[in-house]
Amino acid sequence: MSLAPRLELRQGQSLVMTPQLQQAIKLLQLNNIELSAFVEQELERNPLLEQPETDSDGAAEAKSDNSDGFGDEPVSEMSMDGASSSDAESSLDASYDDIHSEDGVSDRAAGDSGGASAADVGGGAGSIGSGGSSSFDDMDRSLEETLSNELSLRDHLMAQLNIAVLTPTVRAVAAAIVDSIDPDGYFREPLEELAERLGCAPDDAEAALEAVQGLEPTGIGARDLAECLALQLKENDRFDPAMAALVARLELLGKQDYPALMRECGVDQEDLIDMVRELKRLDPRPGLQFESDSTQTAVPDVLLRQQADGGWAIELNPETLPKVLVNNRYYTEISAVTKKAQDKTYLTECYNNANWLVKSLEQRANTIMKVATELVRQQDGFFAHGVQYLRPLNLKTIADAIGMHESTVSRVTSNKYIGTPRGIFEMKYFFTASIPSTGSGEAHSAEAVRHRIKNLIDDETPKAVLSDDRIVEILKADGIDIARRTVAKYREAMRIPSSVQRRRMKRMQVDMAS
């Protein structure tokens, strides 16, 4: 066998993803916030892209009669039998063919002497206009009167610290401690590390921490939960030896081990009940009183509403979809006066990229609609009757039904939400594992089984607390073939204590109520 260099000619086929197709796939998996940020970047980068203006009624105005795109958001109507009245026409499993003329300009531009090519995703259907004009002179209050400045936790603590009688060194260390307090109001850094970092004496660090813990709200600056509760109990003059023993044994309280707590605290059941009640009135997170960050509510990408005939109407949420226009008129005007080849190449690239973005946004909307429509058809029982009718479902079932690849369905359902009459759910919520039936019936959804377990535990009485084995017997009687370890896993995932702990807790609740 000779080893020598040689030339060979081979012919083969391979799948190559163009940059445009990669962009389309990227757009598909973005959530509405990330998509808006991406479109904003493209608007700044591409001079041929623009956002449509809105009239007084909130409807988008096209720049020309030659607008090309889609205006209103896709709407799909579905009857109770799950038959969809409209389907999206394309999917990301098919590659896009850019058709260019000899000079590199898309044929789409041929014959367009002006106008705007538009992809108005969501159109103006969901826009709300101002309904009239107004001025600042007509307002009852000035703009300054409507502004508010929420007091932060740090500002509140520093305002108290500035009037406290402290030495300059202790005041400086206390200010550093305030800066290290987390949103819950706890000081997590070890005091020795703080003293070493600031180069101060340990006694000064101790005095600074004591000064911070004396500020309002009570419990601020604590290093753990026990210290936080102890500070509040001391403020209320209730930190006696029995209460101190209870605070030092919080792990037993979490396990609902009341007999052990009575032994450790040296009190009877009645006194222990009073002590637990007092602990429940304390604030374990005093810093949250000044939490200024508002909770961000998930905005649904798809809206589902029930029709009068019992069917379902599915539509994209116009508030989450970007509105983008390709200004053909501006492109035509600039092309006519552009002489340099480099400028013409740049202009052509901008035009083709703008058209591709428009096409990708339309493709993304159609694909989401197609997946959402099939998802509603598969889980019709959930939307009509509740979580107990949730069916086991996987990505392959949806992919086979709509003729797409599983990876495409996975991208569509990731970080996408659907607004239903039962609330807002992530699309991934409806894909659950399958639990077999004891007989020849249909399999059960894991989420529905978890809901069933929770209902059984919620309905139990102090005298009849259900063990995991008893729950297995009840579920098997209902036709659900499930193992005890699976019941325990679902129960722990829902943060439900064991039957022993629940029995102690329910007995204590009965005693506290009496």
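The questions and answers below concern a predicted model.

Q: Why is H18 called oblique to H19?
A: Helix H18 (residues 446–458) and helix H19 (residues 468–477) pack at an angle of about 120°, and their axes are 11 Å apart. Roughly perpendicular covers 65 to 115 degrees and roughly antiparallel begins over 145, with the rest counted as oblique. The angle of about 120° therefore makes H18 oblique to H19. The crossing of H18 past H19 is right-handed.

Q: Which residues of H18 and H19 meet?
A: From H18 come Val449, Arg452, Ile453, Leu456 and Ile457, and from H19 come Ile471, Ile474 and Leu475. By class, this contact of H18 with H19 holds seven nonpolar residues, no polar ones and one charged.

Q: What makes H18 and H20 roughly perpendicular to each other?
A: H18 and H20 pack at about 80°, with their axes 10 Å apart. Angles of 65 to 115 degrees count as roughly perpendicular, and so H18 and H20 are given that description.

Q: Which residues of H18 meet which residues of H20?
A: Ala446, Val449, Arg450, Ile453 and Ile457 in H18 meet Val487, Tyr490 and Arg491 in H20. The contact of H18 with H20 divides into six nonpolar, no polar and two charged residues.

Q: How do you know whether Arg491 is buried or exposed?
A: Arg491 lies in helix H20 (residues 484–493). Its relative accessible area is 8%, and buried means under 20%. Arg491 is therefore buried. Leaving aside residues up to four places away in sequence, Arg491 touches Ile457, Asp468, Ile496, Pro497, Ser498 and Arg502.

Q: Why is Asp237 called exposed?
A: Asp237 has a relative accessibility of 69%. Exposed means over 50%, so Asp237 counts as exposed. Asp237 sits in the loop between H8 and helix H9 (241–248). Its phi is near 60°, a positive value in a residue other than glycine.

Q: What makes Asn415 partly exposed?
A: The relative accessible area of Asn415 is 38%. Buried requires under 20% and exposed over 50%, with partly exposed in between, so Asn415 is partly exposed. Asn415 is in the loop between helix H17 (406–413) and strand E9 (417–420). Phi of Asn415 is also near 60°, positive in a residue other than glycine.

Q: Why does Leu151 count as partly exposed?
A: Leu151 has 46% relative accessibility. Leu151 is in the loop between helix H3 (143–146) and helix H4 (153–162).

Q: How do you know what Leu151 touches?
A: Contact means heavy atoms within 4.5 Å. Not counting residues up to four places away in sequence, Leu151 touches His156 and Phe290. Leu151 and Phe290 are 139 residues apart along the chain, and their C-alpha atoms are separated by 6.9 Å.

Q: How many disulfides does a search of the whole structure find?
A: The search finds zero. A disulfide would need a pair of cysteine sulfur atoms within 2.5 Å.

Q: Why are Cys200 and Cys350 called buried?
A: Buried means under 20% relative accessible area. Cys200 has 17% and is therefore buried. Cys350 has 7%, so Cys350 is buried.

Q: What is omega for the cis peptide bond that joins Glu216 and Pro217?
A: Omega is about 0°. Pro217 is found in the loop between helix H7 (202–213) and helix H8 (225–235).

Methods: Residues numbered from 1 in each chain as written. Predicted model: local features only at pLDDT ≥ 70, side-chain atom pairs only at ≥ 80, totals over all residues. Heavy atoms only, no water. Axes fitted to C-alpha atoms, helices over the stretch in contact; angles between N-to-C directions. Helix = DSSP H or I, 4+ residues; strand = E, 2+ residues; numbered from the N terminus. Parallel < 35°, antiparallel > 145°, perpendicular 65-115°, else oblique. Left-handed = near helix turned anticlockwise from the far one by under 90°. Nonpolar A, V, L, I, M, F, W, Y, C, P; charged D, E, K, R; others polar. Buried < 20%, exposed > 50% of the residue type's maximum accessible area, 1.4 Å probe, protein only.
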